[in-house]
Amino acid sequence: MSEQKLQSQTVQTTGHAWDGDLQEYNNPLPVWWVYTFYATVIFSIIYWTIYPSWPIGKGWIGGVSDITYVNSEGETKTHSWNTRALLLEDLNQAAVAQKPYFDKISAMSYEQIAKDPEMNGFILSAGKALFSENCAPCHQAGGQGVIGFFPNLTDDDWLYGGSYDTIHQTLMDGRRGYMPAFGEVLDGEQIDQLANYVASLSGISHDSTKAAAGNALFHGETAACYYCHTSNATGRKDMGAPNLTDNIWLWADVPAADAAEGKVSAIRNVIASGLNKGVMPAWSGRLSPEQIKVLTVYVHELGGGQ
Amino acid sequence: MNINFKHEWIETNIGLMAVLTMLAISVGGLVEIAPLFFIDKTIEKVEGVRPYTPLEQRGRDIYIREGCYTCHSQMIRPFRDEKLRYGHYSLAAESQYDHPFQWGSKRTGPDLARVGGKYSNEWHVQHLVAPRSMVPESVMPNYPWLMSTPLDISDAAARMKALRKVGVPYSLSQAEYDANVTKFGETVAKQLHIPDAQKNLVEQANFGNYDGDRSGISEMDALVAYLQVLGTMVDFSKYADDAFVADR
């Protein structure tokens, strides 16, 4: 009882008493806490003056700190501090570090880049990063493509050409594949004959009587396949018409079909329903000219460059 | 001073405490949010941003219905790594007609703010039906029903009317249509005219054939049409590197 009395004399209570003798102390805040609080108030005032902070009318206080950087044209630019200016500073600093490489890439021909060991190393690392983000979703991480959807970039069979210039053009402007649906103009028998002929071109087992009839259709005016695939069926790269004689397949999943009839049937389906796919987006609006040049060499070096 | 302030006054008066608590917590909002409605540069002045067409808008509704936003943000932040991967940072202006906007601070999948035009329609279709057939390491769920579910177009106009109520300039009257012609040009203004919503939707879906199946309009048509327009409205090649720096 005497102890309780002593405390109530030194520490102030809230003055309330519950249940007769329950009291609540009213201790002062610890000193360290109070001074930390004052310090944060001072910190915030300093922060307000350095960085953009208080809104005023239709604008705001910009703060006294600036961001200065040298842009790609060599001009020195100064902006009051904000995250967008900070990004430009960051980008331009990185650009300075990469400039020697990109300047070389702009100046060198594709062949020179491919032969230069140092540039080749740069192409491999920079190209891989660009390819993984932009190309791999369709052409897959190793460039092997997906049968029925996206072409393999590692073999030496090219729809539109595998030279540096055609790869570059494909990247810049994109591509759009098209083949009419022959199911609308030919009957089932004729399509079957054509499919057997196309199978025969790649040495797949087929019905030779049907193939002979298909041969006539292919080179005749009813189906006129030779218009795009040429009369020796090796295709036309200027229009993306594939070579039919090489047993390399993109649209008809011939390799997956085990029986000969399945292989012919896969070809038949493509002839009957045609193709309105094979769309490759254009990258000129998304990637810089240097990035596209890096990718051109990278894709060329995936295995099939011509 | 005679006034001897005591916390007890507040603590023993629940009504007063409620009012003061509300005042205290609204300060944060008042300081950080309210000024944005008055500051001139909140929405950047930029050409090309338009409301979605009826088909794209239906696609956006499906995007929200399927919860795509739980894994994908639509906000490219002004950082170097994001710029290299996704493109130009997002502008406030680009989501000015989005209700609700699809920004976000959490990503499981990549940001989609500029996915438009990056991949072909057939890639999107195949990837939505079976993501791992295109990206083997993907953890995205399959959405096969988008392909087999016909798009409900009966309420296309009603959905646009609802958005009009919150400020999206879809037009009902001739005067509103004329204003849109001045603001967006005739081609866009026609798409924004609510009385033609269904006709416009069917035309765009049939012409675009986004899902590669001409037999009807599926939910896939709408969703792919929406994905393919994301981030494509502003032509950034027309603007200098630092064109939007002074806005912040």
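**Talking through the two chains**

Student: Let's start with H2 of chain A. How many residues does helix H2 have, and how far does it reach?
Tutor: Helix H2 of chain A covers residues 31-50, which is 20 residues, and spans 29 Å from first to last C-alpha. That is close to the 28 Å expected at 1.5 Å a residue. Keep in mind that this is a predicted model.

Student: Where in chain A is confidence lowest, and where is it highest?
Tutor: The highest is H2(A), with a mean pLDDT of 96. The lowest is helix H1 of chain A, residues 2-10, at a mean of 54. Where pLDDT is low, the predicted coordinates should not be read in detail. Chain A as a whole has a mean pLDDT of 89, with 97% of its residues at 70 or more.

Student: OK, zooming out. How many helices and strands does chain A have?
Tutor: Chain A has 12 helices and 6 strands. Its radius of gyration is 36 Å, well over the 19 Å that the globule rule gives for 306 residues, so chain A is more spread out than a compact globule. The C-alpha trace spans about 120 × 60 × 45 Å along its principal axes.

Student: What share of chain A is buried?
Tutor: Buried residues make up 27% of the 306 in chain A.

Student: And which domains is chain A divided into?
Tutor: Domain 1 is 2-60, domain 2 is 67-102, domain 3 is 108-176 + 280-300, and domain 4 is 182-276. The C-alpha centres of domain 2 and domain 3 of chain A are separated by 28 Å.

Student: Switching to chain B: how many helices and strands there?
Tutor: Chain B has 12 helices and 0 strands. The radius of gyration of chain B is 23 Å, well over the 18 Å from the globule rule for 248 residues, so this chain is also more spread out than a compact globule. Its C-alpha trace spans about 85 × 50 × 40 Å along the principal axes.

Student: What about burial and contacts in chain B?
Tutor: Of the 248 residues in chain B, 30% are buried. For contacts in chain B between residues at least 6 apart in sequence, 71% join residues at least 24 apart.

Student: Last one, B:Val168. Where does B:Val168 lie?
Tutor: B:Val168 is in the loop between helix H8 (156-165) and helix H9 (174-184) of chain B. With 18 other C-beta atoms within 10 Å, B:Val168 counts as partly exposed.

Student: Which residues is B:Val168 in contact with, sequence neighbours aside?
Tutor: Leaving out neighbours within four places in sequence, B:Val168 is in contact with B:Pro51, B:Tyr97, B:His99 and B:Leu163. As for B:Arg77, 91 residues apart from B:Val168 along the chain, the two C-alpha atoms are separated by 25 Å.

Notes
Residues are numbered from 1 along each chain as its sequence is written. Chains are lettered from A and ligands numbered from 1 in the order in which they are written. This is a predicted model: local features need pLDDT of at least 70, side-chain atom pairs count only at pLDDT 80 or more; totals for chains, interfaces and linings use all residues. Helices (H or I, at least four residues) and strands (E, at least two) are DSSP runs, numbered from the N terminus. The radius of gyration is taken over C-alpha atoms; the globule rule is 2.2 Å times the number of residues to the power 0.38. A residue is buried if 20 or more other C-beta atoms lie within 10 Å of its own, exposed if 12 or fewer, and partly exposed in between; C-beta atoms are placed from the backbone. The expected span of a helix is 1.5 Å times one less than its number of residues. Two residues are in contact if their C-beta atoms, placed from the backbone, lie within 7 Å. Domain bounds come from an automatic or database domain assignment. pLDDT is the predictor's confidence in each residue, from 0 to 100.
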